[in-house]
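Here are a few friendly notes on the pockets, for you to read alongside the model.

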Amino acid sequence: MTKSWRQCLIFLVFTLNECLGFEKYYDGHVVLQVIPKNSLQFEALRKLNEALGFEFDFWKHSNRVDKPADIMIPEEKLDEVQGYLKKNNLDAKTKVIDVGRLIRKEEEILESHESSSRLRSMPSFNLYDYHTYDDQMAYIKSIAQQYSYVHLESLGKSVEGRDIQYLKIGYPSNRPKNILFIDAGIHAREWIAPATAICIIDRLVTNPDYTSLLYDIDIYVVPNVNPDGYEYSRTSDRMWRKNRSGPRQGCYGVDLNRNFAFKWGYSGVSRDPCSETYAGSSALSEVEAQHLAKILDANNNTIKAYVTLHSYGEDLIYPWGYAIRTYPSDVAELKKLAHEAAEAIHAVNGTRYSVGNSADELYPASGASDDYSKSIGIKFVYTFELSPTSSDDNFYGYGFQFPKEFIQPTCEETFPGILTIAKAVQDTNSK
Ligand SMILES: [Zn+2]
């Protein structure tokens, strides 16, 4: 965090919020879960922002009747929203009573951990914790130093100058190797995604069972595509989603997952720089998206699978995302492998991922990295929406603020899903 308790006590000029390192308050914000029961209710829910003239943060969208939406609502808007929901016969359940309190709880845990972790060296890096970007990079560097078949590379610099580093994992070969490409952290607040990517790296390199796989294919892992946004979500605004370019009209950030150069600006995006889903001034206007597109373009013949880790929802989704009921010609193969991966995930802890098309399962949104990857010819393309899910049993009252205790089970169940996709890449060698 940016400020320690000691600094706060010394200067005695900070609000409690500043002491905790956060500039943006979410005190009194509630998260309501709303489940539309018929098409009229669904329409009313869809038009909530428009009707009330305010952009509410939909943590989770509803894309059909019976599918819940999780909506974060500032305290001062709650009466208005509840009035609108009532008028439209929509029932709402409170999922989070006070987002600010949840953030402070998470913050206190991080503070206490960070003071103790400074005393430790990198070999004791705790995989099951949420780390700073610098620590994430120090960890992957240490892996590259320890294992001869792992190489540290850089995609390039973020808009604030952070180096977006990644690992190439795989034994040298005298023939071209096919690649599984994994990234995480495109959306800053989805902390479980980089934590899972890092844990996947650990699983791959510490278990000799994967030696033959890594002789056959290379696995590239970019643990955190959006380091500036991630750090901002740690220090200033826990709910930050975009990168940190700007300002434009007084607002910062572009939704990197709306900035890619396929059907850019077509659906599910905003032209307002202050919106959470601002697509940028043009396709690939953002350096982080440019860097990612560049490596995907340069290797589009050998990258046979692209997996992008997000949260939350427990969904395993495939293109196209830009429009509903619109699929690539090989959708049957994409679906089949997705179901196999979901089965592998289910076998670990019983977690049931739903498999579906990204526009049908979530909501139509264009300019995402998954659609882009598919558009340049990458065969198997998936977005993993990691845990938790919105359902009552597993939500734990959290969404993006998934306690660190869940990093290990999330990694353990995700890993076999990733391996299933890696094996499909391995199979492409013989084709
Ligand atoms: Zn996301």
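1. The largest pocket lies between domain 1 (30-99) and domain 2 (123-428), because both give residues to its lining. The domain bounds come from an automatic or database domain assignment. This is a predicted model: local features need pLDDT of at least 70 and side-chain atom pairs pLDDT 80 or more, while totals for chains, interfaces and linings use all residues. Numbering runs from 1 along each chain as its sequence is written, and side-chain values use heavy atoms, without hydrogens and water.

2. The volume of the largest pocket is about 1200 Å³. A pocket here is an open set of points on a 1 Å grid over the protein atoms alone, where a 1.4 Å probe fits, with protein on both sides within 12 Å along at least five of seven lines; lining residues have an atom within 4 Å of a point. Volume is the space filled by probe spheres set on the points, which are joined across faces, edges and corners.

3. Lining the largest pocket are 48 residues, with His 61, Arg 258, Gly 268, Tyr 363 and Pro 364 nearest its centre. Elements giving two or more residues include helix H3 (39-46), strand S9 (303-311) and strand S2 (57-60); S2 gives the largest share, 4 residues. Helices (H or I, at least four residues) and strands (E, at least two) are DSSP runs, numbered from the N terminus.

4. The second largest pocket has a volume of about 470 Å³. Its lining has 22 residues, and Lys 24, Tyr 26, Glu 55, Cys 274 and Glu 276 are the closest to its centre. Domain 1 (30-99) and domain 2 (123-428) each supply at least three residues to that lining.
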